[in-house]
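Colleague: I am new to this one. Please walk me through how to read it.

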Amino acid sequence: MDTNAGSFVAVRRLAGSDRAAGAVAFHHSSSAEVVTGSTAWIGRGLSCVCVQSRDSDARLSFDLTPVQEELKALWCASFPGTELRGLISEQWKEMGWQGKDPSTDFRGGGFISLENLLFFARNYPKSFQELLCKQNGDRAIWEYPFAVAGVNITFMLIQMLDLQAVKPRSLLGAVFLKLLSENDRAFDILYCITFKLMDQQWLDMHATYMDFNTVMKSTRRQLERELLIEDIQRVEDMPSYKLLAR
């Protein structure tokens, strides 16, 4: 493996594609620093959006970058039937982004966080909608913002599994590499499991917004325990996989 390629997950993601990665970060998380060494998929900055005016159309037409295409796809999967009025729009706050431009939340972690959310929306739509709309349980007045929480989950998994390394340097990283050999979407599935598990922990702890870091630490401990279960051969064998619904 090329030592300049970045993490072993990142190499898989870029295979057969020259897509430039967007940048991702959560402003209150130090985990963005963890992934800055993974040069295979760290964002090189969003490409310039080219605006083409049409005399017959008052709307703007965009040449979308890959990140913008994925954002548009994420919106369609999240709110089917609701038109997105612009890539920069107050509508994004409905999904739990911090502002009207989601790219401002993507500054340090890369395209992978957006891919994780889109995979979740497309492959486990029932669970995705339950979390997006906070449909289950006795919810707090101050809930976690869905999309930004998703970015943090990506960061946490990258750190936990030591994916910034060229090859695994920890037992958990080695275990995950085995799971990845069984299913090249193992990271995406693990992300979905983690999101659902985090929400379950949130409800069990009667957490509010200020408890988010505590909930994340508890979620990580549970994931570590499950990944080290001897009989786990596939990511779908993890006990918490049962929380997901399509």
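Modeller: We go from the overall layout to helix packing and then to the rings.

Modeller: This is a predicted model, where local features need pLDDT of at least 70, side-chain atom pairs count only at pLDDT 80 or more, and totals for chains, interfaces and linings use all residues. Residues are numbered from 1 along each chain as its sequence is written, and side-chain values use heavy atoms, with hydrogens and water left out.

Colleague: Which secondary structure elements does the protein chain have?

Modeller: The protein chain has eight helices and two strands. Helices (H or I, at least four residues) and strands (E, at least two) are DSSP runs, numbered from the N terminus. From that end, the order is α-β-β-α-α-α-α-α-α-α.

Colleague: How much of the protein chain counts as buried?

Modeller: Buried means under 20% relative accessible area; exposed is over 50%, and partly exposed lies in between (1.4 Å probe, protein chains only). Of the 246 residues here, 51% count as buried.

Colleague: And what about contacts between residues at least 6 apart in sequence?

Modeller: Contact means heavy atoms within 4.5 Å. Among those contacts in the protein chain, 70% join residues at least 24 apart.

Colleague: How do I read two packed helices?

Modeller: Two packed helices are described by the angle between their axes and the distance between the axes. The axes are lines fitted to C-alpha atoms, for helices over the stretch in contact, and angles run from 0 to 180 degrees between N-to-C directions. Under 35 degrees is roughly parallel, over 145 roughly antiparallel, 65 to 115 roughly perpendicular, and the rest oblique.

Colleague: At what angle do α3 and α7 pack?

Modeller: Helix α3 (residues 112–123) meets α7 at about 75 degrees, with the axes 9 Å apart. The two are therefore roughly perpendicular. Residues in the contact include Phe119 and Phe120 of α3, and Asp188, Tyr191 and Phe195 of α7. By class, the α3 contact with α7 has nine nonpolar, one polar and two charged residues. Ala, Val, Leu, Ile, Met, Phe, Trp, Tyr, Cys and Pro count as nonpolar, Asp, Glu, Lys and Arg as charged, and the others, Gly among them, as polar.

Colleague: Is Asp188 buried or exposed?

Modeller: Asp188 is buried, at 0% relative accessible area.

Colleague: How do α2 and α4 pack?

Modeller: Helix α2 (residues 66–78) and helix α4 (residues 125–132) pack at about 90 degrees, with axes 11 Å apart. That makes α2 roughly perpendicular to α4. Leu74, Ala77 and Ser78 of α2 touch Phe128, Gln129 and Leu132 of α4. This contact of α2 with α4 has four nonpolar, two polar and no charged residues.

Colleague: Now the rings. How do I read a pair?

Modeller: A pair of aromatic rings is described by the distance of the centres and the angle of the planes. Rings of Phe, Tyr and Trp (its six-membered ring) pair if their centres lie within 6.5 Å; planes under 30 degrees apart are stacked, over 60 edge-to-face, and the rest tilted.

Colleague: How many aromatic pairs are there in the whole structure?

Modeller: The search finds twelve. One of them is Phe120 with Phe128: edge-to-face, 5.5 Å centre to centre, 90 degrees between the planes. Phe120 is buried at 0%, and Phe128 at 1%. Phe146 and Phe195 have centres 4.9 Å apart and planes at 20 degrees, so this pair is stacked. Phe146 lies in helix α5 (residues 146–160) and Phe195 in helix α7 (residues 186–204), so the pair ties together parts 49 residues apart in sequence.

Colleague: Which residues do ring pairs link into a cluster?

Modeller: Phe120, Phe128, Phe146, Tyr191 and Phe195.
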